[in-house]
Amino acid sequence: MRTDRPIRVLQFGTGVLLRGLCDEIIDRALNDGSHRWDGAVAVVQSTGTTRADALRESGGRYAVRTRGLTTSGPVDESRTTTCIGESLAAERDWQRVIELARSPDLGVILSNTTEAGLHPSEADRPDDPVPLSYPAKLLRVLLERARTGLPGLIVIPCELVERNGDVLRTAVETLAGRFGVHKDEASWIRDEVVFASSLVDRICTRPSAAKPSDLGVVIEPFAQWVIEARESDRKRLSFAQGVAGAELVDNVDPYFTRKVRVLNGAHTSIVNLGLLAGMSTVRELCDDPDFEAFLSAVLDRDILPPLVAAGVPGVREFAAGVVDRFANPFAVHRLSDIASGTETKIRVRLLPTIAAHGSPPPCLSLGLAAWLAQEQRTAPLEWPAPVRRAVSEWTRVLESRGVRESMNRAIAGAR
């Protein structure tokens, strides 16, 4: 599978978020008739080959169905995305990845490898035939690029990590030091490569009863891909200019704080309670009066007050939209998908909110207790002592009272 269009974006990750948001936006820039962007995306599946093979067999084409409610009424539209020009599996096609690194057409690298994936592995070695972690893969690509004498690249991580560009830069430079990379090549990475922090926000799901190899994506109408970009770099990011849902900004921090603390924080606070209650989707939670009341309490009493006090713009309006998005009657947002990687998500999404309160608020504490019950484990020692004490108390309540009564007690503020 090869395209006649130049590969301008190398993308590490083939999941629904990248394909349902970033690639969908790039595809609209490619096909809206404006000629603002004329390239193609090469995607790399980091582990395994199933999705890479499916994309290769489809010629990079897959269906995107937009379903949801807007102020104008229900939306149910389908289109085929065609911006993917190559589909690669790292374990099989690594040499082709290196060839693309040496291409003068390449300008941007995207990734979504989960929050934990931004960090190197202790098992990474400089002579691995195929680098193990994503930072190791990226370092190899950048070193190959440096040796060609071509201009640097813009690296845009799309993981939900604060200042994800800075985090990834640190990971790559740390790994370069560990590997003994030549000082000239290390300087090239430091001076010529832009690590652009970004924020992604769209609920993207697989169709009901989808197989792992199925490529279809169901998306909500709402889309937000915010990229922190200097004026001098924006020409290479033309796919994100003038396209609904994409925005180039000077500072991504307020967007990140609002999205991660409100939307993702609400998800993480309630997901394990839903699993313990035998539910499977976010829509089921929103249709249940007990969970609806708990979600409202989490937002209004636990999550929003510190953000309003900190002056985060538009946070109440954003929160109101989040409730509507959760209740999207067309989205099948599986709780099991949201619960993946909860420990890391708690650190990013919930602990800063709890810290802003001074003492752990009841609803968020119960949400953490539900995660411990679901995983059958004890609180991590890295959690602050007041948090561990509060969660321990709510764990006892949960064990003795069950999910629903525990939520009602948390709403009332009484254990």
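Reply: A straight helix of 28 residues would span 40 Å at 1.5 Å a residue, yet helix H15 (residues 385-412) spans only 24 Å between its end C-alpha atoms. The expected span is 1.5 Å times one less than the number of residues. Helices (H or I, at least four residues) and strands (E, at least two) are DSSP runs, numbered from the N terminus. The model is a predicted one, in which local features need pLDDT of at least 70 and side-chain atom pairs count only at pLDDT 80 or more, while totals for chains, interfaces and linings use all residues. Residues are numbered from 1 along each chain as its sequence is written, and side-chain values use heavy atoms, with hydrogens and water left out.

Me: Where is the kink in H15 centred?

Reply: The kink is centred on Gly402 and is about 120 degrees. The bend at a residue is the angle between axes fitted to the seven residues ending there and the seven starting there. Just after H15, Gly413 takes a positive phi of about 80 degrees.

Me: Which residues of H15 are buried, and what covers them?

Reply: Among the buried residues are Val387, Ala390, Val391, Trp394, Val403 and Met407. Buried means under 20% relative accessible area, exposed over 50%, and partly exposed in between (1.4 Å probe, protein chains only). The cover includes helix H7 (253-276), helix H9 (289-309), helix H13 (351-357) and helix H14 (362-375), where contact means heavy atoms within 4.5 Å.

Me: What class does His357 fall in, and what is its value?

Reply: His357, in helix H13, has a relative accessible area of 29% and is therefore partly exposed. Not counting residues up to four places away in sequence, His357 touches Arg301, Asp302 and Pro306. His357 and Pro306 are 51 residues apart in sequence and 7.0 Å apart in space, C-alpha to C-alpha. The C-alpha atoms of Pro151 and Pro306, by contrast, are separated by 43 Å.

Me: What makes strands E5 and E8 the edges of the sheet?

Reply: The open sheet has six strands in the order E5-E2-E1-E6-E7-E8, with parallel pairing. Strand E5 (84-89) and strand E8 (194-195) each have a single partner strand, so one side of each is left without a neighbour in the sheet. Two strands pair if DSSP finds at least two bridges between them; strand E2 (residues 40-45) and E5 pair in the parallel sense over five bridges. Helix H2 (residues 50-57) packs on the sheet, touching E2 and E5, with its direction at about 145 degrees to that of E5. Such axes are lines fitted to C-alpha atoms, for helices over the stretch in contact, and angles run from 0 to 180 degrees between N-to-C directions.

Me: How do you know how compact the chain is?

Reply: The chain has 15 helices and 13 strands. Its radius of gyration is 22 Å, close to the 22 Å that the globule rule gives for 415 residues, so the chain is as compact as a globular protein of that length. The radius is taken over C-alpha atoms, and the rule is 2.2 Å times the number of residues to the power 0.38. Of the 415 residues, 56% count as buried.
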